Amino acid sequence: MRAAGIDSFEAADSAAKDLSLELETRSVACWLLGQLAQKRAVASLLLAFADPRLTLEAAKALGVINNKRAVKPLIKWLLEGRQTEQRAAAAFALGLLAD
């Protein structure tokens, strides 16, 4: 992570939503945001969730953070998501949120 310049919450938060970064860097940033479990990461993780390649990692992080602000967007993805993987990840995250 440090090689990618991610050495703080702010850097991880920014990396999770930065479309110009490599997928692996963004994925690890999502994981790190979940581990830091700060509510202010929810918006960035929801943006990352929209990328089908990051959906599961973002869903896990949102579940760990356990913030109710994620519930409505996740329900929307569950009901309206075009990809099966996104709908499944939304259901998984909602289960982690116990909602």
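**Helices H5 and H6: a group meeting talk**

Hi everyone, let's start with a helix pair: the axes of H5 and H6 come within 8 Å of each other and cross at roughly 145 degrees. Please keep in mind that this is a predicted model. The crossing of H5 past H6 is left-handed. On the H5 side, the contact is made by Val71, Leu74, Ile75, Trp77 and Leu78, while H6 brings Gln86, Arg87, Ala90, Ala91, Ala93 and Leu94.

Which residues of H5 are buried? They are Val71, Leu74 and Trp77. These three sit on the same side of H5, because they cover an arc of only 125 degrees around the axis. As a reminder, an α-helix has 3.6 residues a turn, so residues three or four places apart point the same way. The buried residues of H5 pack against H3 and H4 as well as H6. Turn to the face pointing away from that buried side, and you will find Lys72, Lys76, Leu79 and Glu80, which are exposed.

On to H6. This helix runs over residues 84-96, 13 residues in all, and its first and last C-alpha atoms are 18 Å apart, close to the 18 Å expected at 1.5 Å a residue. Its buried residues are Gln86, Ala89, Ala90, Ala93 and Leu94. They lie on the same side of H6, since their arc around the axis is only 135 degrees. What covers them includes helix H3 (42-49), helix H4 (55-65) and helix H5 (71-80). On the face turned away from the buried side, H6 carries the exposed residues Thr84, Glu85 and Gly95.

Last, a few backbone angles for you to look at. After H6 comes alanine 98, with a positive phi near 55 degrees. Where is alanine 37 found? Alanine 37 is in the loop between helix H2 (23-36) and H3. Its phi is near 50 degrees, positive in a residue other than glycine, and alanine 37 counts as partly exposed because its relative accessibility is 40%. Asparagine 66, in the loop between H4 and H5, is not a glycine either, yet has a positive phi of about 60 degrees. With a relative accessibility of 42%, asparagine 66 also counts as partly exposed.

Note on methods. Residues numbered from 1 in each chain as written. Predicted model: local features only at pLDDT ≥ 70, side-chain atom pairs only at ≥ 80, totals over all residues. Heavy atoms only, no water. Helix = DSSP H or I, 4+ residues; strand = E, 2+ residues; numbered from the N terminus. Expected span 1.5 Å × (residues − 1). Buried < 20%, exposed > 50% of the residue type's maximum accessible area, 1.4 Å probe, protein only. Arc of directions from axis to C-beta. Contact = heavy atoms within 4.5 Å. Axes fitted to C-alpha atoms, helices over the stretch in contact; angles between N-to-C directions. Left-handed = near helix turned anticlockwise from the far one by under 90°.
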